[in-house]
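Please examine the model shown below. The paragraphs that follow lead through one chain, then an interface, and finally two individual residues.

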Amino acid sequence: MTAKRSQFLVVAMVTAAVAWATMAVARVDGIILDRPAFVQAFTLDDHNGKPFTADSLRGHWSLILAGFTNCPDVCPFTLANLEQVVAELGLRVRPDHLPAVIFLAVDPDRDRPSLKDYVIQFHPDFLGVTGAIDEIDRALNGFDAVAVRSKPDARGNYSVSHSAAVAVVDPQGRLAAKINPPFDPGPTAEFLADLFRRRDRARTGESR
Amino acid sequence: MIRVVRRFLVIGGMVVGAAFCAAQLSAAERVSVENAWVPWAPPTVAVHAAYMTIVNRSNEDQSIVSAESPDYQRVELHASSVKNGVNEMRDLAQVAIPANNRVAFEPGGLHLMLIGPKQVVADRVRIVLRLQSGEQVEVSAVVRRRDAGSHAGHDHHGAYQ
């Protein structure tokens, strides 16, 4: 475990405790980082063939989940829930605060052909991104996530295990929070709306 | 004469009725499937899921050892789970359906993985479940959009290996 990660964990545990005490209303297993962490540089492509880098995360909130298109159960379920989360957020925050939803596809060879279709079935604005394995792993690291590809069986089939949490990245391109399943739409939207409001208050305070 | 025939018919009917009741329930009556559905997916997506509740009305434990579908290349029994914050999917050799019990295949837990659709999936998907006894249960799963909601949780009634 790196020093950076253990520091992250300590901060995360403390903030989780504080978050739990102050937001007992929302039944969300979420963690807000005390000090948001810049994600390291990476270069991927989005499902339209355009470059997608750490800079692409700037200027808006983002919800990022790792997954793969040969995942028939959990990944679609999470994407369907995030679609509902964004719909619920639309009732609570201004349109410029609505987060982009980004599906980080970690199995590029199998993911590329169907990535766009897979992702936009849940919402036309959802964006699938993928790339070279080492770039994917770099991106995952920045979101405090992992992906482990199993060894192929005799038929060449393999599965991919990946982090279940959704990473919340702020408009400065920093990892601001993580949300663990289940992603119940109402409480998750409330958790995010509260995070956005706090951030806005903090920024207003800074500028005074 | 008529009275004799009638008596013969009554006795005969009773014998046939008793025999009918004593006979075992058919495979379809012992093990049945409720609310089978397949989340709609775009034609290019190579792997789909099927969810359902499997009901065992018999006094004997049953077990599903495999599944197939004329609409897909292959069907596997799978379980999703979260371990240490990581989503995993396991291939199951069988799924036990205990006597007089029901087992739910639902998002985030047990599911059938439907691999390689042979044509564009339309209204229904045909699936055949094979039991350890050698019998089979035919399922017609409705294709529909997903509803958002909670994960299934991790309380799958039946044990499975």
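Read from the N terminus, the elements of chain B follow the order α-α-β-β-β-β-β-β-β-β-β-β. The model is a predicted one, and the description below should be read accordingly.

Chain B has 161 residues, 44% of which count as buried. Among the contacts in chain B with a separation of 6 or more, 69% are made by residues 24 or more positions apart. The accessible surface of this chain amounts to about 8,800 Å², and carbon and sulfur atoms account for 55% of that area.

The next topic is the interface. The size of an interface is often expressed as the accessible area lost when the parts come together. Between chain B and chain A, the buried area is about 2,400 Å², with 57% of it contributed by carbon and sulfur atoms. Chain B brings 31 residues to the contact, and chain A brings 29 residues.

Which polar interactions link chain B and chain A? Eight residue pairs are in polar contact between the two chains, counting pairs with both residues at pLDDT 80 or more. One salt bridge is found across the interface. The salt bridge pairs E76(B) with R155(A), and their closest N and O atoms are 3.6 Å apart. On the side of chain B that touches chain A, at least two residues each come from β2 (47-56), β4 (72-83), β5 (86-91) and β8 (110-117) of chain B. By class, the residues on this side of chain B are 14 nonpolar, 11 polar and six charged.

K178(A) belongs to strand β10 of chain A, which spans residues 174-180. Is this lysine, K178(A), buried or exposed? The relative accessible area of K178(A) is 14%, and the limit for a buried residue is under 20%, so K178(A) is classed as buried. The side chain of K178(A) is joined to that of D144(A) by a polar contact of 2.9 Å.

H47(A) is located in a loop of chain A, between β2 (43-46) and β3 (51-53). With a relative accessibility of 16%, H47(A) also falls under the 20% limit and therefore counts as buried. Which residues contact H47(A), apart from its neighbours within four places in sequence? They are L115(A), K116(A), V119(A), I120(A), F126(A), L127(A) and G128(A).

Methods:
Residues numbered from 1 in each chain as written. Chains lettered and ligands numbered in written order. Predicted model: local features only at pLDDT ≥ 70, side-chain atom pairs only at ≥ 80, totals over all residues. Heavy atoms only, no water. Helix = DSSP H or I, 4+ residues; strand = E, 2+ residues; numbered from the N terminus. Buried < 20%, exposed > 50% of the residue type's maximum accessible area, 1.4 Å probe, protein only. Contact = heavy atoms within 4.5 Å. Areas by Shrake-Rupley, 256 points an atom, 1.4 Å probe, with all protein chains shown as cover. Buried area = accessible area lost by both parts, 1.4 Å probe. Salt bridge = Lys/Arg side-chain N within 4 Å of Asp/Glu carboxyl O. Polar contact = N/O pair within 3.5 Å; in protein donor to acceptor, adjacent residues only side chain to side chain. Nonpolar A, V, L, I, M, F, W, Y, C, P; charged D, E, K, R; others polar.
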